[in-house]
Amino acid sequence: MQWSFIANSILLGTGLAMDAFSVSIANGLHNPSMSRGAMHRIAGTFAFFQFLMPMLGWFCVHSLLEAFTVFQKAIPWIALVLLCFIGGKMIYEGLHEKEDGEPSPAAVTPGALLVQGIATSIDALSTGFTIADYGAGMAFLASVIIALVTELICLFGVRIGKRFGMKLARRASIFGGVILILIGLEIVIKSFLS
C-alpha cells in the first residue's frame, strides 16, 4: 500500500471532519456534563456518516453520475436547513432556561444527532468524485481512514466543548446553536465561491 494513499486519505478525512468537529464542540458546549458513552456516540455518528457519504458518492460516480450531478447543487442548501433547524432549537432551549439558572435538559437526542451527522457529511458525497479512480476496495479503505480521522477529531471537539461549556454554562447552548447556523451559512457560501 502506498504511503501517499494513506496520507491523502488522512488529509481528506481531516478536511471533511472540520464541520463535524465544530458541531462536536457545539454539542460539548450544549451538554458539559456529557458521559463518555455519549461522547463516543457523537463521534461515532459523525465518523459513520463521513464513511458512508464518500462511499455513496463513489457509487453515484460509477452508476448514477447524471442524477448525482443534478442533486449536487442542492447539497449546501440541505445542510443549511438541517443545521439551522438544530441550531435554532439549541438557541431556543438556551433562551428558555429554568428560572434557577440551570440550563434545560441538554442531551443530544438520537434524532438531532442523526440530523447533525447527515448535515455535516452531506458535502462528503462530492468526495466520491475524488476517489472515483479507486477500485471498490481502495474506496472502502479510504472511507474507513476518513471515518477514523473524523472520530478522533470529533472526540477532541466534544472535549473542548465540554471544558468551555462548564465555564459558559448559562449561555453555552445559545453559543452552540449560533455555531451550527454559522456552519450552515459557511457551507452555502463556500458552494457559491467554488
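1. How many helices and strands does the secondary structure of the chain come to? The chain has eight helices and zero strands, where helices (H or I, at least four residues) and strands (E, at least two) are DSSP runs numbered from the N terminus. From that terminus on, the order of elements is α-α-α-α-α-α-α-α.

2. This is a predicted model, in which local features need pLDDT of at least 70 and side-chain atom pairs count only at pLDDT 80 or more, while totals for chains, interfaces and linings use all residues. Residues are numbered from 1 along each chain as its sequence is written, and side-chain values use heavy atoms, with hydrogens and water left out.

3. Of the 194 residues, 48% count as buried; buried means under 20% relative accessible area, exposed over 50%, and partly exposed in between (1.4 Å probe, protein chains only). The chain exposes about 10000 Å², and carbon and sulfur atoms supply 71% of that area. Accessible areas come from the Shrake-Rupley method with a 1.4 Å probe, and for residues only the protein chains shown count as cover.

4. The largest nonpolar core has 48 residues. Such a core is a set of buried Ala, Val, Leu, Ile, Met, Phe, Trp, Tyr and Cys residues joined through side-chain atoms within 4.5 Å. Residues with the most contacts inside the core include V23, I42, F46 and L180. Two or more residues each come from α1 (3–30), α2 (36–63), α4 (75–95), α5 (110–121), α7 (136–167) and α8. Helix α2 gives the most, with 11 residues.

5. I42 touches S24, N27, M34, V108, L113 and V158, not counting residues up to four places away in sequence; contact means heavy atoms within 4.5 Å. Among contacts between residues at least 6 apart in sequence, 91% join residues at least 24 apart.

6. The count of aromatic pairs comes to five. Rings of Phe, Tyr and Trp (its six-membered ring) pair if their centres lie within 6.5 Å; planes under 30 degrees apart count as stacked, over 60 as edge-to-face and the rest as tilted. The rings of F21 and F156 are stacked because their centres are 6.2 Å apart and their planes at 10°. F21 lies in helix α1 and F156 in helix α7, so this pair ties together parts 135 residues apart in sequence.

7. F51 and F140 form an edge-to-face pair, 5.4 Å centre to centre with 85° between the planes. This pair links helix α2, which holds F51, to helix α7, which holds F140, across 89 residues.
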